[in-house]
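Student: I should like to learn how to read the features of a structural model. May we work through one together?

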Amino acid sequence: MNSELFSDLATPIVMGILLGGLYTLIALGLSLVFGVMKLINVAHGDLVLLASYFAFTFMSSLDLDPIISLVIGVPLLFGIGYGIQTILLNRAFRISMEAPLIIAFGISIILQNAYQIIWSPLSRGLTTPYALQSFELGDIRLPLVYLLDFIAALVVMFLLREFMKRTYLGKAINAASQDRIAAHLMGINTNRVYAFAFALAMAIAAIAGVFLGLTFPFTPTSGPPFLIIAFGVIVLGGMGSMLGTFIGGIIMGLAQTIGGYFFGAAAQMLVAYVLVLVILAVRPEGIFSR
Amino acid sequence: MPEEPLLRVNNINVYYGSLQVLWDISLTVNPGEIVAIIGSNGSGKSALLNSISGLNHPVTGSIEFDKKDITYTDPFDIVSLGICQIPEGGRIFPNMTVLDNLTIGSYNHKARGKREQNFNIVYEHFPILEKRKNQMARTLSGGERQMLAIGRGFMSNPKLMLFDEMSLGLSPLMVNELYRALRQIRARGIAAVLVEQNVRRSLKEADRAYIIEAGHIALSGKTADLREENKVKKAYFGG
C-alpha cells in the first residue's frame with residue numbers, strides 16, 4: 001500500500017472506529033434485551049430517539065446541555081422501560097413469543113406518530129458549541145463528537161460489565177437468561193429481573209439517544225434505520241455478547257466510512273449491509289458468539 | 001407429644017394442563033428427616049416436588065410449611081421460606097462460573113448474610129468445587145455438575161431440600177459421594193425429600209418412604225418396614 005493512499009484512508013478508518021462507538025451504544029440495549037428475553041425489540045430505534053427528543057426539549061426549553069440532561073433522561077427512560085416490561089411485555093410473554101414482538105411493533109408506530117405530532121416532521125439536532133468543534137490526531141482532523149461517542153461507549157460498557165459481574169441483580173439477569181425455571185428455584189423473581197433488564201437497556205438507550213443527537217440530525221422516522229444498524233451490529237458480534245457488540249459496532253462503522261470513501265456517500269450503508277449479509281452467509285452465529 | 005411436621009401436604013390434586021397427574025396426595029416431612037418418594041417413570045413424583053416448590057400449584061388441597069400456607073406462593077418466594085429444590089439434571093447455569101452459580105444460590109435476602117459461611121461449608125463437602133470455582137460451569141463433569149447443583153441449593157440456607165433424581169446417570173462411586181453429602185446435610189438439621197428411581201438405595205438412606213403409583217400413594221411407612229413388605233419386594237426387588 002503506498003503512503004498516499006494510506007494517509008487518505010486514515011481519516012475514514014479513524015472515523016469508522018469512533019463511529020463504531022456510537023453504534024455500540026445504540027446496539028447495547030438491543031443486545032441486552034435480546035440476550036435476556038430472546039426478544040428483538042423492534043421499537044429500540046424509536047426508544048433511542050425518544051431520548052434524543054427529550055434532550056432536544058430540555059435544551060430548547062431549559063437551555064440544558066444534552067449530556068448534563070442525562071441526569072434526568074437516564075432515570076426517565078429507566079422508568080419508562082420498567083413500565084413497558086411490567087405492564088405490557090411480561091403479560092404478552094405469557095401468551096406467546098410472538099405477542100411481545102407485535103407489541104414492540106405497536107410501540108414503534110405509536111412513537112413515530114407521536115414524534116410527528118409533538119416535534120413536527122422537521123429535522124432536529126442537538127447543536128452545542130462542542131458538537132461543532134474538531135480535534136486533531138496526527139495529520140487528520142475529525143469532529144470532536146465522534147471522540148465523545150467512543151469515550152461514552154467505553155464508559156457505558158465498563159459500567160455495564162462491572163454491574164453484571166459484581167451485583168446480585170446482574171448475576172440474576174444472567175441466570176434468568178440461561179434457565180428461567182432454575183432461576184425461579186434459586187429465588188429469582190424473573191418477571192422483576194426482566195423488567196429491570198429492560199429498564200437498564202432503556203437507560204443505555206437514553207445515553208445512546210443523546211450521543212446520536214449530538215452526532216447526526218434526526219427526524220421522527222430516524223428510529224428504524226438506526227434499529228437496522230443496531231441489528232446489524234449484534235448480528236456481526238454474535239447475539240448477546242458485549243465484546244462482540246463492541247467489535248460489531250466498529251466493523252459496522254468501518255464498513256460505512258471505508259465504503260463511503262471508495263463508492264461515495266450514497267453507497268456507504270449499502271456496503272455495510274452487504275457485509276452483514278456476507279457474514280451471515282459464512283458464519284450465521286456471528287463472529288464472536290460463544 | 002409428637003413433634004409438629006415441617007412440611008404438611010394435605011390431599012392435593014394436581015394437573016398438567018387438563019391432565020390430572022396427582023390424586024389426593026398427603027404427606028408429611030418432620031424436621032431433620034429424610035423422606036423418599038418412590039415410583040416408576042411418569043408416576044407423578046416430579047409433579048409432587050414441583051407443587052411443593054410452587055412451580056405448579058395444586059388445584060385443590062393445601063401445602064403448609066413451617067406453619068405457613070404455601071399452596072399458592074410463588075416459587076421464588078418459597079425459596080426464602082426455606083425450601084430448595086435440586087431439579088433433575090441439576091440445571092446449573094452453564095455460562096456462569098462455579099463461584100457465580102454458588103453465589104446465585106444465596107440470592108434470597110435471608111441467605112445473603114450467611115454467604116461466606118455457607119461457601120466454606122460447601123467447599124468442605126465438595127473440595128473439587130473450590131478447585132474449579134473460576135471455571136465455567138459448562139466445563140464440569142456430570143457428577144461435578146450435580147455437586148454444584150447441591151452446593152448451589154445449600155447456599156439458599158434451606159430447612160428442607162428436595163432432590164429430584166439426584167443419582168440419575170452417575171457412576172456408583174459418584175452416587176456414594178453424593179449420599180455421603182446428603183448425610184452431612186442432614187447432620188446439620190436440614191430435612192430432605194428424595195425422589196429416586198433407585199429404590200434399593202433410597203430405602204436404605206431414608207427414614208420413611210411413600211410409594212406413588214399412577215398419581216396415587218400406594219403405600220407409605222418406615223423404610224425398615226417397607227423393605228420387608230411383600231408388595232414392595234415383588235414390585236422393586238424382583239421377588
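Predicted model: local features only at pLDDT ≥ 70, side-chain atom pairs only at ≥ 80, totals over all residues.

Student: Which residues in α11(A) and α12(A) meet?

Tutor: An α-helix has 3.6 residues a turn, so residues three or four places apart point the same way. From α11(A) come A:Met252, A:Ala255, A:Gln256, A:Gly259, A:Gly260 and A:Phe263, and they meet A:Gln268, A:Met269, A:Val271, A:Ala272 and A:Leu275 in α12(A). By class, the contact of α11(A) with α12(A) has seven nonpolar residues, four polar and no charged.

Student: What span should helix α10 of chain A have, and how far apart are its end C-alpha atoms?

Tutor: At 1.5 Å a residue, the 15 residues of α10(A), residues 223-237, should span 21 Å. The end C-alpha atoms of α10(A) are 21 Å apart, which agrees.

Student: How many residues of α10(A) are buried?

Tutor: A residue is buried if 20 or more other C-beta atoms lie within 10 Å of its own. In α10(A), 12 of the 15 residues are buried, so the helix is largely enclosed by the rest of the structure. Among the buried residues are A:Phe226, A:Leu227, A:Ile229, A:Phe231 and A:Val233, as well as A:Gly223 and A:Gly237. Just after α10(A), A:Gly238 has a positive phi of about 85°.

Student: Is B:Lys68 buried or exposed?

Tutor: A residue with 12 or fewer such neighbours is exposed. B:Lys68 counts as exposed because it has 10 C-beta neighbours inside 10 Å. The residue B:Lys68 belongs to strand β5 (residues 68-69) of chain B. Between the C-alpha atoms of B:Lys68 and B:Leu7, which are 61 residues apart along the chain, the separation is 9.4 Å.

Student: How many residues of chain A and chain B are in contact?

Tutor: The size of an interface is often given as the accessible area lost when the parts come together. Counted by residues here, 15 of chain A are in contact with 21 of chain B. On the side of chain A that touches chain B, α7 (168-178) and α8 (180-185) each supply at least two residues. The most comes from α7(A), with six residues. By class, this side of chain A has eight nonpolar residues, five polar and two charged.

How values were computed: Residues numbered from 1 in each chain as written. Chains lettered and ligands numbered in written order. Contact = placed C-beta atoms within 7 Å. Helix = DSSP H or I, 4+ residues; strand = E, 2+ residues; numbered from the N terminus. Nonpolar A, V, L, I, M, F, W, Y, C, P; charged D, E, K, R; others polar. Expected span 1.5 Å × (residues − 1).
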